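I opened the notebook to record what I looked up in this model.

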Amino acid sequence: MADEQVLRAQKWVNSTYKGVTGYVACPEDGHTGWGTMYSLIMGLQHELGVSPVVASFGPGTYAKFDALGNIGFNWDKNRNIVAILQYGLWCKGYWAVEPGSEGWFTGVTRDAVAKLRGDMGIGGDGVINAKTAKAILNMDAYVVVAGGTDGIRSIQQWLNGRYWDRSAYYIGPCDGIYSRDVQKALMIALQYELGIASPNGNFGPATQSGLQNHTLTQGASGVFVQLFSAACLFNSPTYDGNDNPVTTTWRSSFDSGLAEWVTVFQQFNKLTVNGQGDYETWAQLLVSMGDPDRPAAGSDTRFEITASRAKWLYANGYRYVGRYIYDPPNSTLDKEIKPGELDTVFAAGLQVFPIYQDNARQLSDFTYTNGYQHGLNAHKHASDYGFNRGTTIYFAVDYDATGEEIESAVVPYFQGVQAALASQGKKYTHGVYGSRNVCTIVSNKTFARFSFVSGMSWGFSGNLGFPIPRNWSFNQIKEFKVTNGSDTFDLDRDVVSGLDRGVSSVNDKGGPADDFIVYIQKLYDLAGSYGATGQKRSRLVMEYIRHYAYGNRGTANKLGWWYLIGSYDSGFVDYCDNHGMSIKGSFTDPFTGYQLGSEHMMATANAHLLTNQPDNKKSANGGDVGGWAGDLMTFWADWRNSEQQYADPLKFAHDKLGVPGVASSFGFDDLVEDADGYLLARAVLGGKNIVDAVKDHYNGSGGLTRFNDYFTGRWGSASDCKDSAHNALTALDGTLSVAQAYLITGAGAALPSDYQNLPGGYDKLRNFEQGFVDALLARMGTEKRKLSVYKENHARYLKAARARGRS
């Protein structure tokens with residue numbers, strides 16, 4: 001809604017200064033914005049004798065205003081300057097003048113200025129000097145805004161009140177939001193307390209040296225504790241070993257509560273854990289790179305890792321190396337993995353994480369179409385190199401994207417990447433490389449699995465005023481030149497969180513089902529020695545196998561698999577890892593010859609075990625989300641992203657849903673894993689342990705009738721199946737709606753519940769659901785024919801055997 005006084009300001013400033021050299025008129029729409037503030041600044045410059053005028057309250061403008069001294073009650077040397085300040089106050093929401101009295105510094109104006117100064121935290125009389133004028137003519141808020149907190153606002157006001165009259169400090173916002181400006185204000189305040197002669201807000205040598213001499217321990221108090229705990233609050237929450245958020249408060253004493261938070265922060269950021277405010281911790285709180293010389297087990301480079309380089313990396317404590325799986329045709333960097341290089345890396349005891357970058361250095365590189373094409377290309381190259389199913393590929397955002405650019409271009413790009421990878425069978429997941437803000441927003445909006453943070457670009461706006469992402473896997477902290485004898489190459493040092501375990505081999509083929517059964521038995525035995533009994537032993541086996549791929553909590557804005565299909569026992573995961581176990585990601589189905597993904601299958605089984613199927617088979621619930629319902633939601637997003645090529649969703653389903661030999665977001669292997677996961681859960685619910693259930697299914701005849709058994713057990717009729725699919729896609733409550741947000745809107749597609757209200761949308765939705773039914777019926781029909789042939793051949797075998805016996 002337009003504000004009458006803002007509109008009055010816009011009309012006045014445009015009419016008053018329209019002929020001034022350099023002046024740019026602001027919109028006359030009654031809405032506050034930078035355009036209006038810039039016009040007011042240019043008007044002020046003209047009154048101060050600046051020419052040509054520019055849209056910036058810079059040092060020249062500041063100096064000329066400062067020469068005026070304080071402007072207060074009854075100041076009348078230049079009524080236009082007073083009017084400009086009054087209109088600036090009004091644009092900030094302060095009633096600074098009665099209409100018609102613009103240009104006169106009245107008692108109303110004085111009261112408005114006093115109120116503003118109180119909100120800023122500086123207090124004092126209702127007068128305006130150069131610093132308060134600069135603050136009036138910007139878009140900073142001095143009251144808590146949406147997303148802000150009173151705790152952060154208190155720190156902002158304290159910083160302003162303590163340092164605002166220092167030469168290097170400018171009045172900062174008091175909006176309750178941790179931002180780049182607040183980060184810089186904190187740094188300048190810290191530099192003043194360290195006694196640095198010319199504070200500039202940069203994390204330079206003098207600041208680093210000063211902090212190395214200001215370690216804080218429990219029992220300390222005073223201004224350094226206030227600054228330290230403020231930085232802690234700005235980086236809050238941090239996350240404990242179970243991924244639970246841990247918060248803190250601003251304080252002046254380093255008490256046990258602050259020490260506990262610092263300990264968790266150090267653990268989360270992979271610092272030395274001592275609960276103290278040491279240099280490492282100060283640095284990590286203040287800049288994205290932290291201490292660039294702290295220990296780091298990860299690295300990345302555009303240079304080939306030869307045998308001698310691999311040996312050097314391992315000898316110097318590195319265990320991970322990021323390498324590029326693609327180099328654009330116009331590149332001169334020659335950064336793509338070389339033939340045989342991966343074998344060299346693995347032989348040296350190193351692990352690889354793959355990076356994909358095709359330009360990605362400016363806004364125009366980021367579109368949905370580019371993301372889709374890059375996703376397809378990344379899938380092809382990763383497959384050609386033999387990267388195993390489940391590998392995370394990091395897609396780069398190699399420039400300082402602003403928040404607006406991230407939302408408008410980078411997020412659609414990653415939605416394209418996600419859609420492309422899904423269309424190829426979800427063999428690979430996408431990660432994101434970029435600033436903290438890029439990584440956080442992309443993860444929130446597109447559910448990037450992991451974040452590779454460009455922490456060494458500490459001056460990026462996206463790294464200032466943003467805590468490290470919850471899902472960070474690698475934090476790039478320093479670039480340097482390695483000298484290894486006569487060989488030199490550039491290397492980036494990366495701190496490793498442990499979330500992404502990297503790749504230690506390629507072209508892995510899942511072993512036979514017998515090997516998988518032995519593996520299940522080992523996990524089941526460990527569950528027993530861990531102390532579990534009964535059905536819980538089987539549940540722990542499912543949780544361990546699926547926890548890495550289907551165990552994330554999600555993001556600050558969206559809940560992940562942890563919520564959708566249940567948590568997992570992290571203690572048992574650690575117990576298994578400490579006993580030499582790792583996730584066996586696939587095995588060969590003896591009935592189809594397909595490589596089945598054990599993580600997806602056990603996620604399905606785990607979900608059905610925790611949430612039994614609904615009594616009404618026309619419905620769907622959280623148990624289904626772990627299997628067919630989750631896959632169907634992903635497939636819906638895939639169709640919506642392909643609607644220009646496939647106007648008919650029924651044909652899309654017939655061509656791609658569960659069709660053998662066709663790569664798809666809901667491929668044949670997904671359908672098998674959904675069926676087997678369901679049947680394994682039913683067997684465990686029926687009293688079997690997971691070992692016997694797996695053994696009976698894959699060494700018995702379960703695979704011969706899996707689709708018929710699945711369909712009969714879960715639905716029983718085609719109409720119930722179709723209605724259940726509709727319920728899964730359109731229900732607006734509970735786990736189903738959360739899953740829709742995670743799997744549909746996270747992929748950039750509209751919800752089916754919204755789509756069905758469009759002209760023709762309901763019919764298309766029902767056709768899509770029919771496609772799911774048809775896929776199941778088709779597989780059931782094939783299964784029945786194969787079973788008939790099997791029985792016929794078996795009968796012939798028995799007849800021949802009897803004949804041989806008679807002879």
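The entries below follow that order.

**Basis.** I worked from a predicted model, in which local features need pLDDT of at least 70, side-chain atom pairs count only at pLDDT 80 or more, and totals for chains, interfaces and linings use all residues. Residues are numbered from 1 along each chain as its sequence is written, and side-chain values use heavy atoms, without hydrogens and water.

**Whole chain.** I found 32 helices and 12 strands in the protein chain, taken as DSSP runs (helices H or I, at least four residues; strands E, at least two) numbered from the N terminus. The C-alpha atoms fill a box of roughly 125 × 70 × 55 Å along the principal axes. Of the 807 residues, 55% are buried (under 20% relative accessible area, 1.4 Å probe, protein chains only).

**Helix pair.** I looked up H16 (residues 403-423) and H17 (residues 436-446), which pack at about 50 degrees with axes 9 Å apart. Residues in contact (heavy atoms within 4.5 Å) include Phe414 and Val410 of H16 and Ile441 and Val442 of H17. I noted that the residues of this contact divide into 7 nonpolar, 5 polar and 2 charged.

**Cysteines.** I counted 0 disulfides, a disulfide being a pair of cysteine sulfur atoms within 2.5 Å. For Cys91, the nearest cysteine sulfur is that of Cys26, 8.4 Å away. Cys91 is buried at a relative accessible area of 9%, and Cys439 is buried at 0%.

Note on methods. Axes are lines fitted to C-alpha atoms, for helices over the stretch in contact, and angles run from 0 to 180 degrees between N-to-C directions. Ala, Val, Leu, Ile, Met, Phe, Trp, Tyr, Cys and Pro count as nonpolar, Asp, Glu, Lys and Arg as charged, and the others, Gly among them, as polar. Buried means under 20% relative accessible area, exposed over 50%, partly exposed in between (1.4 Å probe, protein chains only).
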